[in-house]
Amino acid sequence: MAAAAELTLLEKCLGLSKGNKYSAQGERQIPVLQTNNGPSLTGLTTIAAHLVQQASKEYLLGSTAEEKAVVQQWLEYRVTQVDGHSNKDEICTVLKDLNSYLEDKVYLTGYNFTLADILLYYGLHRFIETSHQSRDN
Amino acid sequence: MRLFVSEGAPGSLPVLAAAGRAQGRAELLISTVGPEECVVPFLTRPKVPVLQLDSGNYLFSTSAICRYFFLLSGWEQDDLTNQWLEWEATELQPALSAALYYLVVQGKKGEDVFSPVRRALTHIDHSLSRRSCPFLAGETESLADIVLWGALYPLLQDPAYLPEELGALHSWFQTLSSQEPCQRAAETVLKQQGVLALRPYLQKQPQPSSFEGRAVSNEPEEEELATLSEEEIAMAVAAWEKGLESLPPVQPQQNPVLPVAGERNVLITSALPYVNNVPHLGNIIGCVLSADVFARYSRLRQWNTLYLCGTDEYGTATETKAMEEGLTPQEICDKYHVIHADIYRWFNISFDIFGRTTTPQQTKITQDIFQRLVARGFVLQDTVEQLRCEHCARFLADRFVEGVCPFCGYEEARGDQCDKCGKLINAIELKKPQCKVCRSCPVVKSSQHLFLDLPKLGKPLEEWLEKTLPGSDWTPNARFIIRSWLRDGLKPRCITRDLKWGTPVPLVGFEDKVFYVWFDATIGYLSITANYTDQWEKWWKNPEQVSLYQFMAKDNVPFHGLVFPCSALGAEDNYTLVSHLIATEYLNYEDGKFSKSRGVGVFGDMAQDTGIPADIWRFYLLYIRPEGQDSAFSWTDMLLKNNSELLNNLGNFINRAGMFVSKFFGGFVPEMVLTSDDRRLLAHVTLELQHYHQLLEKVRIRDALRSILTISRHGNQYIQVNEPWKRIKGSEADRQRAGTVTGLAVNIAALLSIMLQPYMPTVSATIQDQLQLPPPACSILLTNFLCTLPAGHQIGTVSPLFQKLENDQIESLRQRFSGGQAKASPKPAAIETMTTAGPQQIQVLMDEVTKQGNIVRELKAQKADKNQVAAEVAKLLDLKKQLALAEGKPLENPKGKKKK
């Protein structure tokens with residue numbers, strides 16, 4: 001899923017009514033958001049966190065210092081580990097690690113649903129989708 | 001909570017520097033662990049630093065740990081910090097790990113280390129200077145500063161990798177490095193060993209291979225949006241209204257072009273192409289085409305401009321080629337000089353002179369400079385041991401000798417390098433040497449040679465550089481290369497050769513010798529000018545009045561920026577020295593390099609057979625000009641840029657503007673009554689035009705091309721919003737509005753045609769013909785946007801400017817130039833590679849085999865999972881097979897057939 005489509009989906013999910021327009025920068029098509037009252041914002045997780053604030057749902061970024069740091073850690077994980085790898089072995093490692101991390105948890109921060117869960121879900125969707133298909137085949 | 005760090009793990013730096021923030025908020029224990037220790041139970045790979053929280057959870061991301069410390073101190077998150085941290089993780093880290101790996105693990109230096117991070121460092125520098133804040137996210141030091149400082153510290157603590165051109169980055173880095181928590185973190189992690197302290201850690205990391213592909217990018221740096229003041233708008237409108245009157249008279253074309261006292265005199269050279277090679281697209285964009293854009297721009301500014309180039313004809317390579325083709329060296333030069341001249345003519349290169357180095361003037365000037373150097377004691381004599389073939393009665397240049405490699409025993413090693421092991425060889429060390437021509441055994445004879453005493457010239461050179469460099473437009477890579485040469489110390493350089501094809505050495509005892517090409521090739525610029533006008537010294541001995549711009553690819557920097565200036569300074573004859581040395585990076589072809597021997601890539605003479613017009617080639621090559629970083633020619637990208645930028649953006653706009661004048665106003669430019677929107681547009685266009693000038697004055701050719709496309713994008717939007725095709729059918733007011741919009745649009749088209757002239761001269765002339773642009777406006781570009789097509793001006797016949805490139809057309813061209821070696825089955829390819837795999841390729845494969853071997857050994861030692869070992873072994877076997885093929889020997893039988 002292209003980053004712009006993902007952000008549009010997130011906007012809907014957050015209940016933001018007016019859709020933003022995103023441009024893409026560089027070879028990796030990093031999303032850019034031109035905000036009305038400030039400089040543009042670049043990067044998927046940066047824009048996502050901005051949208052969460054726009055929707056006044058700051059709790060999705062974590063409530064305590066620990067939660068906030070954990071959320072950002074997994075957002076970074078999403079753009080560096082999940083997006084950064086395309087080779088099968090590496091993706092397997094990512095899935096294995098996540099599985100063992102989540103063994104005793106409901107969500108990435110423990111018991112609270114956050115932006116990290118949303119973006120990681122979007123990011124993993126493509127792998128899990130294809131692995132289902134290949135199993136069906 | 002407990003922080004696990006590891007000595008020499010780069011992530012420990014920012015974490016330790018930020019740890020102080022948490023003081024008094026929570027108890028923090030710090031433990032040191034080995035880099036291989038798996039602290040985090042759920043992660044497969046070892047990761048340090050790690051923070052174990054009191055809840056039992058782990059933070060394993062360096063930024064997240066730092067963020068946590070900052071959050072504990074009461075700091076609040078913000079968009080800008082998030083953006084910096086995301087950029088650090090996704091852009092900076094991959095670049096930095098590549099640079100550090102090259103530096104620390106592979107022991108590389110200079111450009112190899114710097115080039116992966118150049119773009120990222122420039123980005124930080126620009127951001128700091130643009131916001132004019134001392135810190136990344138504001139007036140005070142914060143999370144983003146600590147995280148980026150920690151990431152950059154290992155590399156930038158060596159001043160060689162912190163160029164002074166990046167002033168804002170420089171002072172930001174110094175400020176942070178001098179703070180106590182940062183200093184302490186640096187001492188703990190690097191233990192005063194500098195970057196080498198990271199070695200044990202980095203050696204265990206996989207080689208950052210994925211970075212290679214990413215370094216090559218054709219995308220522009222970010223664009224900025226401008227805000228306009230009322231004053232700027234008023235000035236733009238005033239300039240517009242003056243129109244053609246504000247144009248100065250056109251200077252008549254002089255012949256010959258000579259500098260004029262009190263005016264701006266621009267002397268432009270493009271690196272002299274070596275005569276016996278057909279230039280490829282990389283050569284063309286690297287020098288001749290880049291210099292051509294600047295020369296054309298310079299003429300549009302009405303500066304006295306002389307642009308010269310020529311073929312570099314002397315040397316061993318010409319002799320070899322002559323022998324191969326059974327011609328004399330002179331005949332070879334005559335033949336190839338014409339090929340070069342034809343190619344550049346086809347590309348529409350506007351040389352004032354395209355000469356050659358084999359002329360009497362070359363001999364005269366070279367010998368004169370040499371004599372002056374001798375007279376001033378800057379030439380040394382020394383004995384050099386060299387191979388001499390008694391049968392052929394001559395000393396053998398390195399590439400004329402073959403023998404057994406002293407390192408690996410390969411039987412057909414060349415005198416300069418072994419094709420098998422890739423090592424550089426000193427020809428006299430070859431075992432069983434043979435003369436390549438007669439196959440007899442040469443003998444070692446000593447031969448007297450002359451050396452240019454560079455160490456003695458070091459002082460005047462440095463004085464000159466100190467005077468020249470600040471404020472000049474030398475490209476960063478050129479500065480970097482010169483700096484590293486000076487740092488490594490200058491050594492005497494041999495300037496003579498035992499050859500026949502060259503400039504004779506006018507010294508008793510040296511009658512059989514000629515000057516080494518690199519000594520006299522750069523003098524070619526002078527002699528070529530001397531063949532153009534007998535007043536050549538007005539250009540070349542006139543440093544006060546002449547600005548010398550020299551264009552080249554970066555491998556030529558030492559000769560132009562250091563060696564030739566030394567000769568010229570030593571000659572003490574008031575020579576004009578390079579004021580602006582403009583060096584490009586390399587252009588790759590698709591995913592690899594251009595290769596004549598493998599037929600990969602497009603060469604100058606083939607471009608014309610593609611059916612794609614020269615201007616489209618020029619546009620695309622300039623669009624991807626390797627300015628600041630390597631870039632790659634890609635057929636798909638060329639199709640995309642042609643169809644989107646030229647056809648849909650630029651061509652579409654200019655064509656519509658002209659068509660509206662023809663269709664709605666009978667070919668006459670309508671009255672324009674400017675509204676405040678139009679005034680803003682005028683100011684926007686003016687601003688972009690000024691940006692274009694600023695960029696081209698700094699020779700940022702690729703960036704300036706973006707300004708043209710931006711203006712035409714503004715133009716398209718303007719037409720789209722104002723819909724003149726609807727308004728023309730409306731009320732009187734609507735029709736007037738349609739007129740204004742059409743008039744303004746067609747004037748923007750006229751402006752674009754002039755701005756486009758340096759890049760696409762033929763297209764530019766076509767537009768000017770279609771619009772019947774008055775002649776003075778065609779040859780002068782001012783810094784203001786003028787109304788050059790006033791109401792009532794009659795335009796000519798408008799027709800489309802560009803053609804769509806189709807997928808199948810491009811696909812067949814891609815096939816044609818792919819060299820056919822890529823997708824063919826490995827067997828026939830083996831024969832191919834056997835004769836063509838270069839020493840570098842073989843070296844790369846050998847390195848990979850060694851590396852993969854280590855991986856396998858390590859896995860076995862760790863008793864790793866069997867499947868994993870098997871997979872790595874399979875990779876190793878495959879690499880070995882490739883290596884064997886590349887070396888031209890069958891696997892089963894290593895001493896099999898020899899190549900012919």
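## Largest cavity

The lining of the largest cavity comprises 6 nonpolar, 7 polar and 3 charged residues. In this classing, Ala, Val, Leu, Ile, Met, Phe, Trp, Tyr, Cys and Pro count as nonpolar, Asp, Glu, Lys and Arg as charged, and the others, Gly among them, as polar. The model is a predicted one, in which local features need pLDDT of at least 70 and side-chain atom pairs count only at pLDDT 80 or more, while totals for chains, interfaces and linings use all residues. Residues are numbered from 1 along each chain as its sequence is written, chains are lettered from A and ligands numbered from 1 in the order in which they are written, and side-chain values use heavy atoms, with hydrogens and water left out.

A cavity is a set of points on a 1 Å grid over the protein atoms alone where a 1.4 Å probe fits but cannot get out; lining residues have an atom within 4 Å of a point. Grid points are joined across faces, edges and corners, and a volume is the space filled by probe spheres set on the points. The structure has 2 cavities of 30 Å³ or more, and the largest holds about 130 Å³ of space. Of the 16 residues that line the largest cavity, Gln72(A), Glu76(A), Arg67(B), Leu85(B) and Glu86(B) lie nearest its centre. Two or more lining residues come from each of helix H2 (44-54) and helix H3 (65-82) of chain A, and helix H2 (62-72) and helix H3 (79-105) of chain B. H3(A) contributes the most, with 5 residues. Helices (H or I, at least four residues) and strands (E, at least two) are DSSP runs, numbered from the N terminus.

## Second largest cavity

About 100 Å³ of space lies in the second largest cavity. Its lining has 9 nonpolar and 3 polar residues, and no charged ones. Among them are Leu247(B), Asn747(B), Ile754(B), Phe785(B) and Thr788(B). Helix H27 (residues 732-755) of chain B gives the largest share of this lining, 3 residues.

## Confidence in chain A

The mean pLDDT (the predictor's confidence in each residue, from 0 to 100) of chain A is 84, and 90% of its residues reach 70 or more.

## Sheets

Two strands pair if DSSP finds at least two bridges between them. In chain A, 3 strands form an open antiparallel sheet in the order S1-S2-S3, with S1 and strand S3 (41-42) at the edges, each pairing on one side only. Strand S1 (residues 22-25) and strand S2 (residues 30-33) of chain A are joined by 4 antiparallel bridges, and Tyr22(A) stands opposite Leu33(A). The hairpin of S1(A) and S2(A) has 4 residues between the strands, and Gly26(A) takes a positive phi near 75° there.

Chain B has an open sheet of 4 strands in the order S9-S8-S13-S14, with antiparallel pairing. Its edge strands are strand S9 (394-395) and strand S14 (493-494). Strand S8 (residues 379-389) of chain B pairs with S9(B) over 2 antiparallel bridges; Cys389(B) has Arg394(B) as its bridge partner in S9(B).

Key. 1 Å grid on protein atoms, 1.4 Å probe; cavity = no way out; pocket = protein on both sides within 12 Å on 5 of 7 lines; lining within 4 Å.
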